[in-house]
Number of protein chains: 2
Amino acid sequence: MAAKTTYPHLVEPQDVDFTLRASISNLIAKTLNVAGTDADSKGFGIRALKPENRSWVLSRMAIEIDRRPAEYTPYNITTWVSDYGRAMSTRNFVLDCEGEIFGRATTQWSMIDFNTRRAVDLRYIAEHNDAVWNEEPPIERAGKLAAVEAEGTMTHRVAYSDIDFNRHTNSLRYFDLMLDCLPIELHETDRPVRVDINFLNETRYGQELTVGYRHEGDRWEFEVATDEGTVACRTSFEWR
Amino acid sequence: MAAKTTYPHLVEPQDVDFTLRASISNLIAKTLNVAGTDADSKGFGIRALKPENRSWVLSRMAIEIDRRPAEYTPYNITTWVSDYGRAMSTRNFVLDCEGEIFGRATTQWSMIDFNTRRAVDLRYIAEHNDAVWNEEPPIERAGKLAAVEAEGTMTHRVAYSDIDFNRHTNSLRYFDLMLDCLPIELHETDRPVRVDINFLNETRYGQELTVGYRHEGDRWEFEVATDEGTVACRTSFEWR
């Protein structure tokens, strides 16, 4: 049924960085976990799709974080599907702490049929259609990000601790790698930040990833690519 | 008060490796989290010690894992302090799934006074003394591990995503680094394993770690050291 649904969270010790606040990558991870949980609970999640050999694929995400909650802070993530077309569904999120909103996100997903390797026409997925809640995304959707002419790079070979059950790199690992490239001083502060992400291709166990970055003032751009030149994702961080 | 206490857990999606079972490092992390939670709840955890500028330091751990629970499996971790001397306290753990024990661990901790940089005499900590439950450790304590003459190495620079609030490397990261050195085939199986760990020194943001390893049959030995030659930890894994 159409519904905005709220999932309670708590910032636990394993969620925080050295500032004892939830890290950006942790807040992104929790937000994406809620997408999965909510879709599952409404009958169109990956658990329901698995027997049909289908799955959701995340293609873009934008998230704005005004401040990162401190360790042991309870907070909520509220989510809803606002609209969809033939090939792409938009799911939104608002993060609040005791009613005070500190984060907003919007994501775009397609449903892939692994038999045909093509996108499924979403107009025929009744459970998904029934879940649509007619409320606009809380922030502007992620834009298409251009290739990054890197001024610096870092490399990482995809290892056991990076992979999911398909032996593809867990997308969340890209955020750790990108955030590790930033000057530590940028993590010390708790300034509002907007993150735009384009997910482009999967990467696999054993591949060497190159994380390229460039920045201009408080805007940092990243591109993660394999040693074979396949671009895995592009991301921009804009601190305000 | 003297008590064995049980903490319920659930294997969540972020806890599993590509085999969809909880990873060894995740089970170690959950076990050590329980140590902190239990000590806090009984009045002698790091929360109570912080105002006195004291903390617990883990020096050795042994854990035996018979099988790794699958995603969405509920399980329990039961813990108790079995005994202590002037400088070292022994805390034990049993992991069970619906009453069937699949893991056992024992750990040795000292309490450090940051003002003097010396171990606190545990005989004067009433809350800790009161918590002792007179039951032997469920497995043999971790032995002292010898230096490792490495047959292979992997390096890693300590980065933002690796550090705790002291800007020291989170000890649990060592396990990811070590497990990443193993042949992927060893992770595919779910054989019983015993892990012995000696924690020796802290490492810091920006240091380059070298993970050295050697193996003989199903026994793998690891040593993590900094570019300045300080040994952070030694670990042996013995698959059965």
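1. In this predicted model, 24 residues of chain A are in contact with 24 residues of chain B. The area buried between the two chains is about 2300 Å², and carbon and sulfur atoms give 52% of that area.

2. Two salt bridges are counted between chain A and chain B. One of them joins Glu188(A) to Arg167(B), with the closest N and O atoms 2.2 Å apart. On the side of chain A that touches chain B, the elements giving two or more residues are α1 (24-41), α4 (171-181) and α5 (184-188). By class, that side of chain A has 10 nonpolar, five polar and nine charged residues.

3. Arg167(B) is not a glycine, yet its phi is positive, at about 60°. The residue lies in the loop between β7 (152-157) and α4 (171-181) of chain B, and at 28% relative accessibility Arg167(B) counts as partly exposed. In chain A, Leu20(A) likewise has a positive phi, of about 65°, although it is not a glycine. Leu20(A) is placed in the loop between β1 (5-10) and α1 of chain A and is partly exposed, at 25% relative accessibility.

4. The helix α4(A) is mostly covered, nine of its 11 residues being buried. Among the buried residues are Tyr174(A), Phe175(A), Leu177(A) and Met178(A), together with the charged Arg173(A) and Asp176(A). The N-terminal end of α4(A) is capped by Asn170(A), a side-chain oxygen of which lies 2.9 Å from the backbone nitrogen of Leu172(A).

5. Thr169(A) is found in the loop between β7 (152-157) and α4 of chain A, and it is buried, with a relative accessible area of 7%. Its side chain makes a polar contact of 2.5 Å with the side chain of Thr203(A). Leaving aside residues up to four places away in sequence, Thr169(A) touches Val158(A), Asp162(A), Ile163(A), Tyr174(A), Thr203(A) and Arg204(A).

6. For Cys233(A), the nearest cysteine sulfur is that of Cys181(A), 11 Å away. Cys181(A) is one of the buried residues of α4(A), and Cys233(A) is buried as well, with a relative accessible area of 0%. In chain B, the sulfur of Cys233(B) is 11 Å from the closest cysteine sulfur, in Cys181(B), and therefore too far for a bond. Cys233(B) is buried, with a relative accessible area of 1%.

7. Over all chains the structure holds 50 salt bridges. In one of them Glu64(A) pairs with Arg240(A), the closest N and O atoms being 4.0 Å apart. This pair links distant parts of the chain: Glu64(A) is in strand β2 (residues 54-65) and Arg240(A) in the segment after β11 (231-239), 176 residues apart. Is each partner buried or exposed? Glu64(A) is buried, at 13% relative accessible area, whereas Arg240(A) counts as exposed, at 52%. Both belong to a network of salt bridges that also links Asp66(A), Arg104(A), Arg194(A) and Asp196(A).

8. A salt bridge in chain B involves Arg194(B) and Glu64(B), with the closest N and O atoms 3.1 Å apart. Arg194(B) lies in strand β8 (residues 193-199) and Glu64(B) in strand β2 (residues 54-65), so the pair ties together parts that are 130 residues apart in sequence. Arg194(B) is buried, at 9% relative accessibility, and Glu64(B) is buried, at 13%.

9. A last point concerns Thr90(A), in strand β4 (residues 89-97) of chain A. At 2% relative accessibility, Thr90(A) counts as buried. Thr90(A) and Gln108(A) are 18 residues apart in sequence, but their C-alpha atoms are 4.7 Å apart in space. Beyond four places in sequence, the residues touched by Thr90(A) include Trp80(A), Thr107(A), Gln108(A), Pro137(A) and Arg141(A).

Key: Residues are numbered from 1 along each chain as its sequence is written. Chains are lettered from A and ligands numbered from 1 in the order in which they are written. This is a predicted model: local features need pLDDT of at least 70, side-chain atom pairs count only at pLDDT 80 or more; totals for chains, interfaces and linings use all residues. Side-chain values use heavy atoms; hydrogens and water are left out. Contact means heavy atoms within 4.5 Å. Buried area is the accessible area (1.4 Å probe) that two parts lose on being put together, summed over both. A salt bridge is a side-chain nitrogen of Lys or Arg within 4 Å of a carboxyl oxygen of Asp or Glu. Helices (H or I, at least four residues) and strands (E, at least two) are DSSP runs, numbered from the N terminus. A disulfide is a pair of cysteine sulfur atoms within 2.5 Å. Buried means under 20% relative accessible area, exposed over 50%, partly exposed in between (1.4 Å probe, protein chains only). A polar contact is a pair of N or O atoms within 3.5 Å; within protein, one must be able to donate a hydrogen and the other to accept it, and residues adjacent in sequence count only if both atoms are side-chain atoms.
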